[in-house]
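Open the model in your viewer and keep the selection tool at hand. The tour goes from stop to stop.

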Amino acid sequence: MPEPVTAIVGGQREWEDRGWFPPGPKLAICLSGGKNRLDDLTDGELLQVAAAARRQTSWAQSRELAAIAELTRRHTADEDAGDPDYRILSARESVTEEVAAALTVTSDTAANLVHLAERLTGPLAETGEALGAGQLDMAKARVICDVTDRLPEEAARRVQCTALEKASGQTTGQLRRRIRRIAQRLAPEAIEERKREATRLRRLEVWDTPSGTTDLALCDLAPEDAHAIYNKITAAAHGIRTDGDTRPLNAIRADLAAQLLHGAELPDAIRAVLKQGCDAPAPTDGRDPASRQPVSAAHHHTGPRSPSPRSEPGGTSEDLSGDTGIAALADEVDRRLRHVQARVQPRELPHTIRRTVQRIHDQFSDARDAACRGGDEVHGRPGYRPPAAMRRDVEARHPTCVFPTCNQPSHRCDLDHTVPWRPGTTCRCNLAPLCRRHHRLKQRADWRLFQIWAGLLIWVAPSGAWYLVHPDRQ
Ligand SMILES: [Zn+2]
Ligand SMILES: [Zn+2]
């Protein structure tokens, strides 16, 4: 039982003189007064409450990161032993996927969190402590982490030390400017190398925005290139405005850039402006477009997907006739697993959940085959490769990779035999799209994927957490 509010605030009004309460359980109680109590506070006190809530958030985030760091440490401690097997996802990446599924965030976001968690509990432990004490927020901790990334140990330590002196009184922008200068002075070669490495991952990105438009961006160019392009387009746009165009400058710049990328013929005068100083060399270092962004730089723009892997299926449930739709089946399975979870020792959970789902899968075996045979479809095809119509069918059922947080379109995925071919069949009840990464995740012994009904899949993570994936879950 938490202490009642009155025990903490006594006869005082709820917030009186509590501006600098440290974060933690007591502050949580002081903050939980609700809307009515806020009515009694002065403007100054309201601002204190806002600041205190932020401190409390930092505290909670430091707990989140500490838990992730512990999980990572536990599972990656003995990873280096033996040859890495490229067909199987590494333990570190497996932890990332487990975090992604548990927190319903993308793999990139989870990789960022794992990286941040390791640094704030390791080389940047003082920053981690400051976060836990509410002296700085997550955004500032990220700035310190980004600026010191891959710096030599001593340089990173000194940058951190300088950062923490003033971080609580600086915005992220001020903090970044200040410590970047220091990092540049302390470790110019490391900074240069980091930049070279980042430009190797240069790319063209496209993503849809909430307003229904689409952004198109050239990312991680060398700064001199990017600024040269921007300045030239701006100069040309000014020229167009001077000639009487009334569109806003931003719109002219965007239209001009789009025209150029479409390969449109431009008026001579504009071409002349754009050609000025066109000799800036493009970076010529190694090209490695396929390699993944290592972590920190958060270049993630895909919109959030439907948050719960347990949500209702948007599509039909043609595989189950009568009253029992796929959703009902999924709910029933979920209920059974919760029942098991409530009765098992935590250490036994992963093993027990895996075994239970296996049993459910086996129990449905005959009914599943019969449902397949009963439709117009034939159950099972002779070869390993699914026929085109079956592929289309499975891709329509799952428009993306079937990992709960993955957005990879299924036409760019492998069609995986959930139970490996022979004894597994080539059939819609045993096929599902998996992107390369999650295909490799499935190869790990501590992850399991079951297809308990055609299109209804269950992932069991190493922790014993399970994720139901419905057909057509977009
Ligand atoms: Zn089948
Ligand atoms: Zn995937």
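How are the donor residues of the zinc ion (ligand 1) spaced in sequence? The spacing is C-x6-H-x47-C-x1-C. Before selecting them, note that this is a predicted model, where local features need pLDDT of at least 70 and side-chain atom pairs count only at pLDDT 80 or more, while totals for chains, interfaces and linings use all residues. Residues are numbered from 1 along each chain as its sequence is written, chains are lettered from A and ligands numbered from 1 in the order in which they are written, and side-chain values use heavy atoms, with hydrogens and water left out.

**Stop 1: zinc ion (ligand 1).** Select Cys372, His379, Cys427 and Cys429. They coordinate the zinc ion (ligand 1) through SG, ND1, SG and SG, at 2.1 to 2.3 Å. Donors here are N, O and S atoms within 2.8 Å of the metal (3.2 Å for Na, K and Ca); water is not among the atoms, so sites may look incomplete. The donor angles run from 106 to 113 degrees, which makes the arrangement tetrahedral (four donors, all angles between 85 and 135 degrees). Now trace the chain. His379 sits in the loop between helix H17 (365–374) and H18, and Cys427 in the loop between S3 and strand S4 (431–434), so the pair ties together parts 48 residues apart in sequence. Helices (H or I, at least four residues) and strands (E, at least two) are DSSP runs, numbered from the N terminus.

**Stop 2: Pro423.** Stay in the loop between S3 and S4, where Pro423 is found. A cis peptide bond joins Arg422 to Pro423, with omega about 10 degrees. Most peptide bonds are trans.

**Stop 3: zinc ion (ligand 2).** Select Cys401, Cys406, Cys435 and His438. Their SG, SG, SG and ND1 atoms coordinate the zinc ion (ligand 2) at 2.0 to 2.4 Å. This site is tetrahedral too, with angles of 95 to 119 degrees among its four donor atoms. Along the chain the donors follow C-x4-C-x28-C-x2-H. Cys401, in the loop between helix H18 (388–397) and strand S3 (414–417), and His438, in helix H19 (residues 436–442), are 37 residues apart.

**Stop 4: H12 and H13.** Show residues 223–242 (H12) and 249–262 (H13). The two helices pack at about 115 degrees, with axes 9 Å apart. Axes are lines fitted to C-alpha atoms, for helices over the stretch in contact, and angles run from 0 to 180 degrees between N-to-C directions. That makes H12 roughly perpendicular to H13 (65 to 115 degrees). Contacts (heavy atoms within 4.5 Å) involve residues including Tyr230, Ile233 and His238 in H12, and Leu249, Arg253 and Leu260 in H13.

**Stop 5: Thr104.** Go to the loop between helix H5 (91–103) and helix H6 (107–121), the place of Thr104. Phi of Thr104 is near 50 degrees, a positive value in a residue other than glycine.

How values were computed. Parallel < 35°, antiparallel > 145°, perpendicular 65-115°, else oblique. Tetrahedral: all angles 85-135°; square planar, octahedral: opposite > 155°, others 65-115°.
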